[in-house]
Each structure stands twice: as structure tokens, then as C-alpha cells.
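The following note sets out points for a colleague reading the model alongside its sequence. Each point takes up one feature or one group of related features.

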Amino acid sequence: MIHSDHQSVDAADPNQIRILLVDDHFFVRMGLSQAINDEPDMTVVAEADSGALALELFQRLRPSVVLLDMHLLDVTGDQVLTQMRMIDESFSCVLFSVSICEEDICRGASSGASAYLPKSVSRDELIQAIRMVADGGVYFPPIVQEILERSQRRPKLTPREIQTLQCLVNGLSNKEIAKSLSISSATVKLHITHVFEKLGVEDRTQAVAEAITRGLSRPE
């Protein structure tokens with residue numbers, strides 16, 4: 001864990017954007033921290049390498065912006081953000097991730113993120129996004145906005161259909177799915193039919209590929 005507290009630097013300037021940086025990779029934090037602290041109107045007040053530490057520091061420091069990795073070792077970024085919102089609503093969050101998959105983006109937006117960025121984003125775009133959300137705006141790059149809009153048009157899988165899809169991803173047969181979910185084989189076939197229809201696929205292989213691409217489920 002690493003904690004870098006810069007409260008004394010920015011306490012006198014109410015216009016300073018105070019940022020909590022959360023990522024479980026040291027070198028990622030180091031690069032982001034340097035890029036942010038080079039800006040005259042921004043300061044990284046603390047760094048965290050886990051969701052647990054992020055919540056502790058957020059509770060104490062109340063930053064104006066949280067720059068939050070979507071995939072931490074102990075928890076997902078949207079889960080951390082949801083808990084932060086229960087503590088205090090008066091902050092903005094920039095979620096960022098290595099992957100740009102539909103499920104992650106939708107969960108991030110639903111949890112209250114004001115921005116969602118790929119980690120491949122340029123320094124200038126990151127700084128622009130932080131300034132925009134700190135000023136009460138939102139920032140979703142065109143590719144992210146397109147995914148959000150596409151997702152809103154698609155029929156949603158029910159919780160049971162998602163469980164069935166996960167079983168398909170794990171390579172289970174219909175009989176094994178029925179046993180795993182404690183349902184009949186006929187019900188399994190019905191769920192699979194609905195899954196295929198909603199995903200727009202024709203067989204298990206396509207369903208698995210679509211599920212992984214969209215981040216709906218992952219191999220276990």
C-alpha cells in the first residue's frame with residue numbers, strides 16, 4: 001500500500017482539484033500522479049492500491065475527484081464508487097480500465113461515474129476529463145458513448161439467464177447446468193433459447209464469444 005497525503009499543499013487554495021488516485025499497480029500510480037501534479041490546478045492528495053484503503057482515505061480526505069481503476073485486486077471500481085456515494089455525494093469520479101467492455105462501462109455509469117476512460121488514453125485527454133468532471137460535467141469518449149447507447153437498445157438478460165450464460169462459458173452441458181442451477185432440463189433449454197435471442201447468436205460458441213466480448217461473464 002502507498003499513501004501520499006498532500007493536504008498541506010492545497011488546503012489554502014479552494015480552487016485546487018484534490019484527487020484521490022486508486023490503482024493496484026505502482027508504476028501506473030506513479031505515472032498518473034506525476035502527470036496530475038504537474039498541473040497547477042490539480043493535486044493528488046492520496047494514493048491507494050486497494051478498494052479498502054481507497055474507502056478509508058476517501059472517508060478522511062473527502063477529495064473533489066476520485067480517479068479509480070475499474071479492476072482492483074480486492075473489488076471492482078463500481079463497487080468502491082457505490083460505497084463512496086453512500087458516504088458523500090459531493091465528488092466526481094473518473095473510472096478507467098484496460099478493457100473497454102460493455103458490461104464494465106454500464107456498471108460504471110450506473111454507479112455514478114462522471115467519466116469512463118481506457119488506460120490507453122492520452123495525458124491531455126485524461127487531464128481534460130478530470131477538469132470537466134471537477135466542474136460538474138461528464139466525459140465519455142465517443143467509443144464509450146457508442147457502447148452505452150448500443151447497450152440501452154439491447155434487451156437485457158435476466159439474472160437467471162446470466163447464470164445460464166456463465167454456465168455455457170464454463171463449458172457445462174444442459175444436464176450439468178440443470179444440476180448447478182437446480183432447475184429442470186426443459187427450463188435450461190428455455191433459458192438458453194432466450195439467451196441466444198437476446199445476444200443475437202445462433203449457437204453456444206457464438207454465445208460464449210459474445211459474453212466474453214461484452215464482459216457479461218468470464219471463464220472460471
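**Notes on the predicted model**

1. F26, with a relative accessible area of 42%, is partly exposed. The model is a predicted one, and it holds two aromatic pairs. F26 and F27 form an aromatic pair of the edge-to-face kind, with 5.1 Å centre to centre and 70° between the planes.

2. Aromatic pair F58 and F91. F58 and F91 also form an edge-to-face pair, at 4.7 Å centre to centre and 65° between the planes. This pair links distant parts of the chain, 33 residues apart: F58 belongs to helix α3 (residues 51–61), whereas F91 lies in the loop between α4 (77–87) and β4 (92–97). F58 counts as buried, at 0% relative accessibility. F91 counts as buried as well, at 5% relative accessibility.

3. Charge over a ring. Which residue places its charged end over the ring of F91? The residue is R85, and its charged end sits 4.2 Å from the ring centre. The ring of F91 therefore takes part in an aromatic pair with F58, is buried at 5% relative accessibility, and has the charged end of R85 over it.

4. Surroundings of L21. L21 is found in strand β1 (residues 17–22). Its relative accessible area is 0%, so L21 is buried. Leaving aside neighbours within four places in sequence, L21 is in contact with R29, L32, S33, V44, A46, E47, A48 and L67. The C-alpha atoms of L21 and A54 are separated by 8.3 Å, and the two residues are 33 residues apart along the chain.

5. Surroundings of T76. T76 is placed in the loop between β3 (65–69) and α4. Its side chain is joined to that of Q79 by a polar contact of 3.0 Å. When neighbours within four places in sequence are left aside, the contacts of T76 are with M70 and R107.

6. Positive phi values. Most residues other than glycine have a negative phi. R62 has a positive phi of about 45° although it is not a glycine. R62 is located in the loop between α3 and β3 and is partly exposed, with a relative accessible area of 35%. S182, also a residue other than glycine, has a positive phi near 60°. S182 lies in the loop between α9 (174–181) and α10 (185–199), and with a relative accessible area of 66% it is exposed.

7. Largest pocket. The largest pocket has a volume of about 200 Å³. Its lining consists of E102, E103, C106, S151, R154, P155, K156, L157, I162, L199, R214 and L216. Which helix gives the most to this lining? Helix α5 (residues 102–110) does, with three residues.

8. Overall architecture. The chain has eleven helices and five strands. Its C-alpha atoms fill a box of roughly 65 × 30 × 30 Å, taken along the principal axes. Of its 220 residues, 49% count as buried. Among contacts in the chain with a separation of 6 or more, 67% are accounted for by residues 24 or more positions apart.

Key:
Residues numbered from 1 in each chain as written. Predicted model: local features only at pLDDT ≥ 70, side-chain atom pairs only at ≥ 80, totals over all residues. Heavy atoms only, no water. Phe/Tyr/Trp six-rings, centres within 6.5 Å; stacked < 30°, edge-to-face > 60°. Buried < 20%, exposed > 50% of the residue type's maximum accessible area, 1.4 Å probe, protein only. Helix = DSSP H or I, 4+ residues; strand = E, 2+ residues; numbered from the N terminus. Lys NZ or Arg CZ within 6 Å of the ring centre and 35° of its normal. Polar contact = N/O pair within 3.5 Å; in protein donor to acceptor, adjacent residues only side chain to side chain. Contact = heavy atoms within 4.5 Å. 1 Å grid on protein atoms, 1.4 Å probe; cavity = no way out; pocket = protein on both sides within 12 Å on 5 of 7 lines; lining within 4 Å. Points joined across faces, edges and corners; volume = space filled by probe spheres on them.
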